[in-house]
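Reader: Could you walk me through the helices and strands of this structure, one question at a time?

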Amino acid sequence: MNKGKETVWITGASAGIGMETALLLAETGYQLILSSRRKKQLEDLSEKILRRYGTSVQVVPLDVTERKEVEKAVRGLPEDWAQVDILINNAGLAAGLDHLQEGDINDWERMIDTNIKGLLYMTRSLLPGMAERGRGHVVNLGSIAGKEVYERGNVYCATKHAVDALSRAMRIDLLGRGIRVTNIAPGLVETEFSLVRFKGDTRKAKDPYRGMTPLGGRDVAEAILFAITRPPHVCINDLVITPTAQANSFYVKRNS
Ligand code: NAP
C-alpha cells in the first residue's frame, strides 16, 4: 500500500463518497486538496483529519461548473501542493426523476454542467502537469447509470454514460504518458445523493434504500483506494460495485 506523500485532489469532498474517500486517504497518508461549494463542511472535515491523523489538508472551496473558478484554483495552489498526482472527479449529482417529456430543463443543465463539464474543466486543468511529469491518475465517479438506462433516469444516465465514454477516451489519448484512468461505477450508495435528487424531500429520499442494505460511502472509498494503490504498471479501468441486494438498475431485492 502506498504510504507516500502523493497529492490527491478530491472534488465533492463535503459529503458522501468524497468525504469518506478523504478520510480513508488521509488515514493512508496521502496529502489532500478538498473541494466542493460548501466551505464550512470542508473546514470541519479538515479539522477532523488534523485531529485524527495529524495531517493538514488544503481546503479549496470551488464550484466545478465555473470554468474560470476552476482555472484560478489550479493556478492559485501553493507551490508545495501544485503537483497533483491523483485527481478524483467525484463532484456530481442527480436532479429530479421525471419522464423526459416532463423534465425540468434547469435540472438537466445542472447535471450536464456538473457531471460532464465540471469533470472536464478539472481534468483539462490538471492533466498537462501530469503529462509533463509522465505520471498521474484520474479517477472518475461514473455510475451503473453510465452502464444502463432506467425509466426517468434519462439525463442523469446520459451524463454518466458521458463519464464512462470520457474515461475510455482519456485512456486512449493518454496512452504512453504514464497516466492511469479509472472509472468507478457504483449502484445504490446511501449519501446525500437521494436528498439532492429529491430536493430535500426526506421521505422520497429514503425510498431507494427501502428494505435493503445499500453501499456506504466508505465501501466506494475502499475501491478507490484499491485502484490508486496498484503498482504503476497496473491500471484498473473500470469497477462496477453494487450492494449484494442489487443486480443492476432494475433488480433490487427488498425485504419489505
Ligand atoms: P452527495 O453525498 O450528494 O455528494 C456530492 C458531492 O458533490 C458533495 O460534496 C457536493 O458538495 C459536491 N458537488 C455537487 N455539485 C458541485 C459543484 N457544482 N461543485 C463542486 N462540488 C459539487 O453524493 P454522492 O453519492 O457522494 O455522490 C458522489 C458521486 O458519486 C457523484 O458523481 C454521483 O453521481 C456518484 N454516484 C453516486 C451514487 C449513489 O447512489 N449515491 C451512485 C453512483 C454514482 P457541495 O454541495 O458542497 O458543492
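Author: Gladly, and a definition comes first: axes are lines fitted to C-alpha atoms, for helices over the stretch in contact, and angles run from 0 to 180 degrees between N-to-C directions. Helices (H or I, at least four residues) and strands (E, at least two) are DSSP runs, numbered from the N terminus. This is a predicted model, where local features need pLDDT of at least 70, side-chain atom pairs count only at pLDDT 80 or more, and totals for chains, interfaces and linings use all residues. Residues are numbered from 1 along each chain as its sequence is written, and side-chain values use heavy atoms, leaving out hydrogens and water.

Reader: How are α3 and α4 oriented to each other, parallel or antiparallel?

Author: The axes of α3 (residues 67-75) and α4 (residues 105-133) come within 9 Å and cross at roughly 30°. Angles under 35 degrees count as roughly parallel, over 145 as roughly antiparallel, 65 to 115 as roughly perpendicular and the rest as oblique. That is why α3 and α4 are roughly parallel.

Reader: Which residues of α4 meet α3?

Author: Contact means heavy atoms within 4.5 Å. On the α3 side, the residues are Arg67, Val70, Glu71 and Val74, and their partners in α4 are Tyr121, Met122, Ser125 and Leu126.

Reader: How do α4 and α5 run relative to each other, parallel or antiparallel?

Author: Here the axes of α4 and α5 (residues 154-173) come within 8 Å, crossing at roughly 15°. The two helices are therefore roughly parallel.

Reader: How many residues in the contact of α4 with α5 are nonpolar?

Author: Among the α4 residues in this contact are Trp108, Met111 and Ile112, and α5 brings residues including Val155, Tyr156 and Leu166. For the classes, Ala, Val, Leu, Ile, Met, Phe, Trp, Tyr, Cys and Pro count as nonpolar, Asp, Glu, Lys and Arg as charged, and the others, Gly among them, as polar. The contact of α4 with α5 has 4 polar residues, 1 charged and 12 nonpolar.

Reader: Is β6 buried or exposed?

Author: Buried means under 20% relative accessible area, exposed over 50%, and partly exposed in between (1.4 Å probe, protein chains only). Ile179, Val181, Asn183 and Ala185 point one way from β6, with Arg180, Thr182, Ile184 and Pro186 pointing the other way. Since 8 of the 8 residues of β6 (residues 179-186) fall below the cut-off, the strand is largely enclosed by the rest of the structure, and its residues are buried.

Reader: Which residue of β6 is the bridge partner of leucine 141?

Author: Two strands pair if DSSP finds at least two bridges between them. β5 (residues 136-141) and β6 run parallel and are joined by 6 bridges. In β6, the partner of leucine 141 is isoleucine 184.

Reader: How far apart in space are arginine 177 and glycine 136?

Author: Arginine 177 sits in the loop between α5 and β6 and is partly exposed, at 45% relative accessible area. Beyond four places in sequence, its contacts are Ala131, Gly134 and Arg135. Arginine 177 and glycine 136 are 41 residues apart in sequence, while their C-alpha to C-alpha distance is 8.8 Å.

Reader: And in β2, which residue is the bridge partner of threonine 11?

Author: In β1 (residues 7-11), Thr7, Trp9 and Thr11 on one side and Val8 and Ile10 on the other are all buried. β1 and β2 (residues 31-35) run parallel, joined by 5 bridges. The partner of threonine 11 in β2 is serine 35.
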